[in-house]
Amino acid sequence: MKNTARGVLAAAMMGLAATAVQAQTPIKVSYQPALYWSLPYYVATEKGWWGKVGLKETYSTFPAGVPQIAASASGSWDVGGTGSVPAVLGAARYHLLTIGLTNDESAGNALMATKDKAAGFEKNPGSIKGQTIALTANSTGDYAVQKCLAKWGMKKADVTMKSMGQAEVISAMSSNNAELGGLWAPNIYTLEEKAGAKVICSGKEAGVVIPGALVVREDYAKEHPQEVAKYLAVYLHAQKWILAHQPEAIAMMKKFYDIGGVSITEASMRKEFDTRPTYDLAGQLRIMDRSKGPSDVDKWMTQIGEFMKGTGAIAEVPPASGYITDEYMKMVDRDPKLKEFANSAN
């Protein structure tokens, strides 16, 4: 009898375990590796937090935003994080929704100069006219560079822009085959540490806000709104934990960056924390609030859309109300369990 009872109990427990596994809904997440704003994905997986809200994540990674956004057209991913420039491109071409921000990376997108040339360009920014700038076209780095040029009274036509991947920009500047480059963190720190290059103007110094975006395919959001809310809760929870446990988070950042082929010092990792403001649930709702007119996010993303129209990347600036929505953040806020999870740092 005892053995029979134990067998029944064991079978019941196995059944419960199987049910729990089946209850985990698959979700396909995309991001760019070895970036400060993508660290929450790595942490969430290492800590097993996706399962806590009933999700089972699979990842796809991309070296930059443009190929990432293009991949959404095939449905190869459902949700993700990306730069604000690709997010606007995704809204204009592929029906992507922006449902939150990853961080404020205004200080992390910049125009850099090689060690020997930086002082001269800083002293006389006008001498940049006629120069070649290596950068990744249609990126937040491109946006920062053009805003820096505008700060000095120059236009895109006043320089020659050579588009290449970030690794190629680093290589070109390290070997003195390029004197100026547009980069984003942590590539900025790699170039500073390995070649002595220097930031001569960041997006922040140019007076613009360059956010990172949390995005979702519109059709997926309509079909799986609860999963989108759960995704946001996991991301916000991971960010909360990272900020509250910085020493452990930096150790995890090192592993995450190593996997992505990025090697920077701990001092530079700390710069990521110090220069990249993030938004908790209340902060997300605040910057997306339209009760008094266009939200902060509306304004920031529209400025980026205007930049992209100017480059010819898009024909028209997509209306913010058509692709920026706080609906899913509000779902997190209305769900007691998701809200508690999103706001917890443990």
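I take a cavity to be a set of points, on a 1 Å grid over the protein atoms alone, where a 1.4 Å probe fits but cannot get out. A volume is the space filled by probe spheres set on the points, with grid points joined across faces, edges and corners.

The model is predicted: local features need pLDDT of at least 70, side-chain atom pairs count only at pLDDT 80 or more, and totals for chains, interfaces and linings use all residues. Residues are numbered from 1 along each chain as its sequence is written, and side-chain values use heavy atoms, with hydrogens and water left out.

**Cavity.** I looked up the count and found one cavity of 30 Å³ or more. The largest cavity holds about 60 Å³ of space. Its lining residues (an atom within 4 Å of a point) include Tyr36, Trp37 and Thr278. Helix H11 (residues 225-244) gives the most to this lining, with four residues. Helices here are DSSP runs (H or I, at least four residues), numbered from the N terminus.

**Two helices.** Next I checked H2 (residues 39-47) and H12 (residues 246-259). Their axes, lines fitted to C-alpha atoms over the stretch in contact, with angles from 0 to 180 degrees between N-to-C directions, come within 10 Å and cross at roughly 105°. That makes H2 roughly perpendicular to H12 (65 to 115 degrees). In H2, Leu39 and Tyr42 are among the residues that meet H12; contact means heavy atoms within 4.5 Å.

**Pocket.** A pocket is an open set with protein on both sides within 12 Å along at least five of seven lines. I found about 600 Å³ in the largest pocket. Of its 36 lining residues, those closest to its centre are Pro63, Ala64, Gln166, Trp184 and Asn187.

Note on methods:
Parallel < 35°, antiparallel > 145°, perpendicular 65-115°, else oblique.
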